[in-house]
Amino acid sequence: MSFTNNELKEIEIFVVNLLRDKVGPIIKSETGITSQQYIDKTNAVDLVTKYDKQVEAIIKDTIKDKFGDKFNFIGEEEYIPGKTKISNNPTFILDPIDGTTNFIHGFPYSCCSLGLAIDGHPVVGVVYNPHLNQLFHASRGNGAFLNNQRINATSRRLTLQKSLIGLEAGSERSTEPDSNFNKKMTTYKNLLSEDGGFIHGYRSFGSAAMNICHTAIGVLDAYWEGGCWAWDVCAGWCILEETGGRIVGGNPGEWDVPINGRCYLAIRGGCGKNEQDKFTKDFWDQVDGKLQYSE
Amino acid sequence: MTVDLLSVENFLCELAINKIGPIIKNKSGTQKTYDMKTGSRRVDIVTEIDKQVEKLIWDSLKSKYPNFKFIGEESYVKGVTKITNDPTFIVDPIDGTTNFVHDFPFSCTSMGLTIDKEPVVGVVYNPHLDLLVSASKGNGVRINGESFDYSTKITSMGSLTLNKSVIALQPGSQREGANFQTKMATSENLLAVDGGFVHGFRNLGSSAMSLVYTAIGYLDGYWDGGCYSWDVCAGWCILKETGGIVVGANPGEWEIGVDNRSYLAVRGCSNVGEQIEYIEKFWGCVKGTLNYD
């Protein structure tokens, strides 16, 4: 099944309205709930709330009402590790509340992230943060927008040393010698060290979708992550690509990464492909070993 | 000397909103050239705008409060500038300079007043988020001019415990040596499953914003070293007015001055005992000692 750019734009507008009108108000009014109201998903820091499930149900139902069975649907709350597969069919990929820890703590960086992938590639993406009233949206060939204003990546040089990079610790915190957590911490140290990347700085705001959107608008130069899922990156990926940015793998040499690759490096636009390539290689030089995740 | 603290707060708010905020907002991300404060520290950035904004603030404060002292980031002279007991404005014209250079929306102006070396007025304004948070001793906290009901907020947040908290951490611009190692090892230990195992950490790249976010209940704590009095003075007053506390970053440092250079800020909570326990547990995760001249 193929879609024209106009058809994708219509889907984008549908998703924008859905997130703005039906989802945003819930996320905004329910954030900052007390500690009794969440459950630990895989460990004491991987959290989920009843609102994640509620938002996912609303979105799934609204899509079904509008499109019937035209699209597959994958949502964070219904996903079964090792079982749920992303096919080449047009598939809505949803994170009902990205930045769940932020949502629980009332830190204003939780958002809803809904993307559409075709042939495994994101072609529509909408991310809505109702706390900051920031609505990022894009579809293939139609450009990217922040609150209906076209995002134009300013042209400027991209170098590792002068970059500001999004980094997150994630919820996997085992300190076993070969753990992903240890590799991440060593990589951070390499990136920061005077005798390593010596980057201008890094930022952590606890939301993958917001980090990718921040890269799309160029306030971050890049975002490196291991451990997130297709729903964390699908929408942002489309938005970023429409601004001239790219997503490659988080591990050295992974120039092509699938949407469920779980380990990513997002790079801003506003510079040539050669500069992005050089940045990517310089970044990979600082990565300690290889992060490993299962599907 | 009796000082009407609320009128000082209001004056600083007007100054922040009308004069300083617009400059920060318009110039953010436009500074293609910037100096490095020292040759080796190529990530410690200062821009021409920092200097201009500081002068603007200084001139405004001098004409309104001619008898007050003034300490600003850009005019500070190491080893010479001292905080006395006199009423002293302590100002960071643009806190979060790296954010400012990169147009990351967490640069702000931070203006405080100390009397007897205690922060008694604090105003922080982030023009990107249009967030103005202000306080003065005994007068509570205001967000964009509206009184902030911190006790309701604190009650809604439930108990304060280390392994259920979100804390702000920053590596700073010093990227070698013992302090850097201590910071990295401590951050790792706070996160690790067999260490503090906190819910998460955030790095905003602005001390003033980290303190403000702790005061208004977005964060539970903020641990840092290498900052100066102007980074913390305003936020300290705001935090204290919400029942929060600032102690030293190193274990046992219960009493510190605004120029301590390393800090642990903890939000207010309904039960003061929880705060003390939180601080002691946090200190238990510190690996090494932070030391600054």
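## Helices and a pocket

Helices here are DSSP runs of at least four residues, numbered from the N terminus. Keep that in mind while looking at this predicted model, because the helix labels below follow that count.

Let's start with the largest pocket, which has a volume of about 1,300 Å³. Its lining is made of 46 residues, and the closest to the centre are A:G218, A:V219, B:H102, B:D103 and B:P105. Two helices, α5 (208-216) of chain A and α3 (97-102) of chain B, each supply at least two residues of that lining. Sorted by class, the lining has 18 polar, 16 nonpolar and 12 charged residues.

## A helix with a buried face

Now hop over to helix α2 of chain B, residues 48-64. At 1.5 Å a residue, its 17 residues should span 24 Å, and the end C-alpha atoms are 25 Å apart, which agrees.

Which residues of α2(B) are buried? They are B:I49, B:D50, B:V53, B:E54, B:I57, B:S60 and B:L61. Looking down the axis of α2(B), the buried residues fall within an arc of 135 degrees, so they line one face of the helix. In general, an α-helix has 3.6 residues a turn, so residues three or four places apart point the same way. Over on the other side of α2(B), B:K55 and B:S63 are exposed.

## An annotated spot in chain B

An unreviewed UniProt entry carries the annotation "binding site" for B:E73, B:D92, B:I94, B:D95 and B:D231. These residues span 159 residues in sequence, yet no two of their C-alpha atoms are more than 9.5 Å apart, so they gather at one spot.

Take B:I94, which sits in strand β4 (residues 88-95) of chain B. Is B:I94 buried or exposed? B:I94 counts as buried because its relative accessibility is 0%, and the cut-off for buried is under 20%.

Note on methods. Residues are numbered from 1 along each chain as its sequence is written. Chains are lettered from A and ligands numbered from 1 in the order in which they are written. This is a predicted model: local features need pLDDT of at least 70, side-chain atom pairs count only at pLDDT 80 or more; totals for chains, interfaces and linings use all residues. Side-chain values use heavy atoms; hydrogens and water are left out. The expected span of a helix is 1.5 Å times one less than its number of residues. Buried means under 20% relative accessible area, exposed over 50%, partly exposed in between (1.4 Å probe, protein chains only). The arc is that of the directions from the helix axis to the C-beta atoms. On a 1 Å grid over the protein atoms alone, a cavity is a set of points where a 1.4 Å probe fits but cannot get out, and a pocket is an open set with protein on both sides within 12 Å along at least five of seven lines; lining residues have an atom within 4 Å of a point. Grid points are joined across faces, edges and corners, and a volume is the space filled by probe spheres set on the points. Ala, Val, Leu, Ile, Met, Phe, Trp, Tyr, Cys and Pro count as nonpolar, Asp, Glu, Lys and Arg as charged, and the others, Gly among them, as polar. UniProt positions are given in the numbering used here, feature names are shortened, and annotations may be inferred rather than shown by experiment.
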